[in-house]
Amino acid sequence: MRVIAIIPVHTQSKRLPKKFWLDLIGKPMLQHIYERVSRAKRVDKVVIAMPLESEQLYMAINERFGGETIAPSVPYNDIAGRLAVTAQIYGADYVVRIGGDSPAVDPVLIDMLVEHAVGVNLPLLFSNVGNYDGAQGWPDGFGAEVYSTDLLWWINRHVDDAGDREHIHRIFHRNKLVSVPPSPYLSWSNKYCIEVNTPEEYDQVRVMYEHFGHNEFDTLQVMGYLDALHLA
């Protein structure tokens with residue numbers, strides 16, 4: 001069984017363009033995400049999938065990550081197509097989709113999701129959502145989504161709605177087809193979210209990275225840091 005983690009990124013974010021390339025303690029945010037995901041033991045390879053919007057930026061990213069960058073010929077907002085094509089090229093059985101705006105993604109949680117996906121053995125979405133359908137899940141921004149490659153190709157062939165192709169999880173949320181493993185962080189499931197979508201969120205994450213001084217912190221350490229800020 002081959003598991004590929006794919007980080008889809010693009011430069012067209014309206015609120016914070018090229019956010020994945022913003023600096024965090026001397027490295028682009030994307031590099032911190034890549035390094036954190038690479039520590040997951042159940043992931044065989046980490047790949048960055050981005051449209052060829054800027055050849056100069058693409059070449060810079062490709063050089064930084066040793067050629068593990070791919071530019072499928074699909075629109076920037078067609079995440080379903082980008083994941084399906086990348087999975088096929090790399091011969092993946094399962095794909096772990098990582099947010100390019102999630103600099104606190106936890107490799108331990110990724111491994112738990114992969115274990116759950118393989119154990120359940122159903123071609124459904126295994127998500128990092130907080131509270132879903134009355135069940136407590138994981139803090140958003142720390143986990144991932146896991147898809148079988150067969151499921152991604154089914155979506156690529158049969159789903160036409162542009163919004164669903166960009167936000168794949170919506171299909172499964174609507175149809176109650178999300179499978180979430182038990183969370184070790186129940187008390188924080190909807191309390192905090194670490195993602196970078198706005199300049200304000202970037203500033204918060206930048207300060208957090210400066211506090212730790214590295215990218216090897218775990219979820220419990222982040223939660224402790226955020227709790228301390230909340231109580232201050």
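Reader: How many bridges pair β1 and β4, and in which sense?
Author: Strands β1 and β4 are paired over five bridges, in the parallel sense. Two strands pair if DSSP finds at least two bridges between them; strands (E, at least two residues) and helices (H or I, at least four) are DSSP runs, numbered from the N terminus. This is a predicted model, in which local features need pLDDT of at least 70 and side-chain atom pairs count only at pLDDT 80 or more, while totals for chains, interfaces and linings use all residues. Residues are numbered from 1 along each chain as its sequence is written, and side-chain values use heavy atoms, with hydrogens and water left out.

Reader: And what does β1 do with β6?
Author: β1 pairs with β6 in the parallel sense, over four bridges. Y94 in β6 is the bridge partner of V3.

Reader: In what order do the five strands form the sheet?
Author: The order is β5-β4-β1-β6-β7, in an open sheet with mixed pairing. β5 (69-70) and β7 (145-148) stand at the edges with a single partner strand each, so one side of each has no neighbour in the sheet. Between β4 (residues 45-49) and β5 there are two bridges, and these strands run parallel. A49 has I70 as its bridge partner in β5.

Reader: Which helix lies across β1 and β4?
Author: Helix α1 (residues 29-38) does, running at about 155° to β4. Helix α5 (residues 149-158) also packs on the sheet, where it touches β6 (94-97) and β7, at about 85° to the direction of β7. Contact means heavy atoms within 4.5 Å; axes are lines fitted to C-alpha atoms, for helices over the stretch in contact, and angles run from 0 to 180 degrees between N-to-C directions.

Reader: Which residues have the most contacts inside the largest nonpolar core?
Author: They are V96, I98, I110 and V222, in a core of 49 residues. Elements that each supply at least two residues of this core include β1, α1, β4 and β6. A second, separate core has 24 residues, among them I4, L151, W153 and V159. A nonpolar core is a set of buried Ala, Val, Leu, Ile, Met, Phe, Trp, Tyr and Cys residues joined through side-chain atoms within 4.5 Å.

Reader: Changing topic, how many aromatic pairs are there?
Author: The count comes to six. Rings of Phe, Tyr and Trp (its six-membered ring) pair if their centres lie within 6.5 Å; planes under 30 degrees apart count as stacked, over 60 as edge-to-face and the rest as tilted. In the pair of Y34 and F65, the ring centres are 4.7 Å apart and the planes lie at 45°, so this pair is tilted. Y34 is in helix α1 and F65 in the loop between α2 and β5, 31 residues apart.

Reader: Are Y34 and F65 buried or exposed?
Author: Both Y34 and F65 are buried.

Reader: Where is K176, then?
Author: K176 sits in the loop between α7 (169-174) and α8. Its relative accessibility is 54%, so K176 counts as exposed.

Definitions and conventions. Buried < 20%, exposed > 50% of the residue type's maximum accessible area, 1.4 Å probe, protein only.
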